[in-house]
Amino acid sequence: RKRTLELPGLNMGRILATYPNHLALYAHQGHRGSKWDGSVFEGLKLRTLEFRVTAGQKLSAAMEAGCRDPMILGIAQEAFLDGSAPEEAVALCKRFGEGLEMKRYGGQKAMPIAFQLGRALVQTGDIPGAIKQLEKVVQLAVEAGNKHAHGAALCELGLALMDKNLEKAV
């Protein structure tokens with residue numbers, strides 16, 4: 001059975017098309033370049049096959065080669081987090097979080113990248129950093145009117161606060 005993922009093709013907030021997977025979305029709207037496309041394609045395929053850390057490493061190599069695609073950074077972060085390598089996710093975001101082409105995909109990738117960084121900081125034990133990051137995510141979600149992301153960020157923020165001071169949280 002073939003798994004597909006319906007991803008809206010966004011441009012200026014309007015849906016143009018649906019894509020069967022991240023690879024197709026990247027091929028149509030991504031920050032393409034001959035120096036990194038091979039690594040991106042291979043990393044996205046590995047992610048689909050659930051080789052998480054290996055996928056994250058391939059996507060990191062694409063970022064090293066010059067890719068400034070926010071979706072690729074977000075997928076690499078998620079791959080590292082799912083593969084129990086949160087330190088890699090934090091390092092990747094700190095290294096490449098600035099200078100991304102955030103207007104791609106209708107500007108919809110800033111919040112997921114910020115959220116993944118918050119999750120990674122919680123998992124690495126940097127609770128003060130996680131709290132600060134997740135507060136940014138809550139603000140981005142409120143500004144965007146995204147209730148689902150807002151709720152998810154609040155849950156992660158609550159967990160981070162509980163870890164920081166369990167006695168006050170209970």
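Me: Where does Glu-50 lie, in terms of helix 2 and helix 3?
Reply: Glu-50 lies in the loop between helix 2 and helix 3. Helices here are DSSP runs of H or I with at least four residues, strands are runs of E with at least two, and both are numbered from the N terminus. The model is a predicted one: local features need pLDDT of at least 70, side-chain atom pairs count only at pLDDT 80 or more, and totals for chains, interfaces and linings use all residues. Residues are numbered from 1 along each chain as its sequence is written, and side-chain values use heavy atoms, with hydrogens and water left out.

Me: Why is Glu-50 called partly exposed?
Reply: Its relative accessibility is 39%. Buried means under 20% relative accessible area, exposed means over 50%, and partly exposed is in between (1.4 Å probe, protein chains only). A value of 39% falls in between, so Glu-50 counts as partly exposed.

Me: What is there to note about phi of Glu-50?
Reply: Phi of Glu-50 is near 70°, a positive value in a residue other than glycine. Ser-84, found in the loop between helix 4 and helix 5, also has a positive phi, near 60°, and is likewise not glycine.

Me: How do you know whether Ser-84 is buried or exposed?
Reply: Ser-84 has 64% relative accessibility, so it counts as exposed.

Me: What makes Thr-48 exposed?
Reply: Thr-48, in helix 2, is at 55% relative accessibility and therefore counts as exposed. Its C-alpha atom is separated by 9.0 Å from that of Asn-21, 27 residues apart along the chain.

Me: Why is His-22 called partly exposed?
Reply: The relative accessible area of His-22 is 26%, so this residue is partly exposed. His-22 belongs to helix 1.

Me: What angle and what axis distance describe the packing of helix 1 and helix 4?
Reply: Helix 1 and helix 4 pack at about 155°, with axes 10 Å apart. Axes are lines fitted to C-alpha atoms, for helices over the stretch in contact, and angles run from 0 to 180 degrees between N-to-C directions.

Me: Why are helix 1 and helix 4 called roughly antiparallel?
Reply: Angles under 35 degrees count as roughly parallel, over 145 as roughly antiparallel, 65 to 115 as roughly perpendicular and the rest as oblique. The angle is about 155°, and the two helices are therefore roughly antiparallel to each other.

Me: Which residues in helix 1 and helix 4 meet?
Reply: From helix 1 there are His-22, Leu-25 and Tyr-26, and from helix 4 there are Met-71, Ile-72 and Ile-75. These residues divide into five nonpolar, one polar and no charged. The classes are Ala, Val, Leu, Ile, Met, Phe, Trp, Tyr, Cys and Pro as nonpolar, Asp, Glu, Lys and Arg as charged, and the others, Gly among them, as polar.

Me: How do you know that Tyr-26 is buried?
Reply: Tyr-26 has 0% relative accessibility, so it counts as buried. Neighbours within four places in sequence aside, its contacts (heavy atoms within 4.5 Å) include Trp-36, Val-40, Leu-44, Ile-72 and Tyr-105.

Me: Which residues touch the most other members of the largest nonpolar core?
Reply: Tyr-26, Val-40 and Ile-72 do, in a core of 43 residues. Helix 6 gives the most to this core, with eight residues. A nonpolar core is a set of buried Ala, Val, Leu, Ile, Met, Phe, Trp, Tyr and Cys residues joined through side-chain atoms within 4.5 Å.

Me: How many aromatic pairs does a search of the whole structure find?
Reply: The search finds one.

Me: Why is the pair of Tyr-26 and Phe-41 called edge-to-face?
Reply: Rings of Phe, Tyr and Trp (its six-membered ring) pair if their centres lie within 6.5 Å; planes under 30 degrees apart count as stacked, over 60 as edge-to-face and the rest as tilted. The ring centres of Tyr-26 and Phe-41 are 5.8 Å apart and the planes are at 80°, so the pair is edge-to-face. Tyr-26 lies in helix 1 and Phe-41 in helix 2, so the pair ties together parts that are 15 residues apart in sequence. Phe-41 has a relative accessible area of 23% and is therefore partly exposed.
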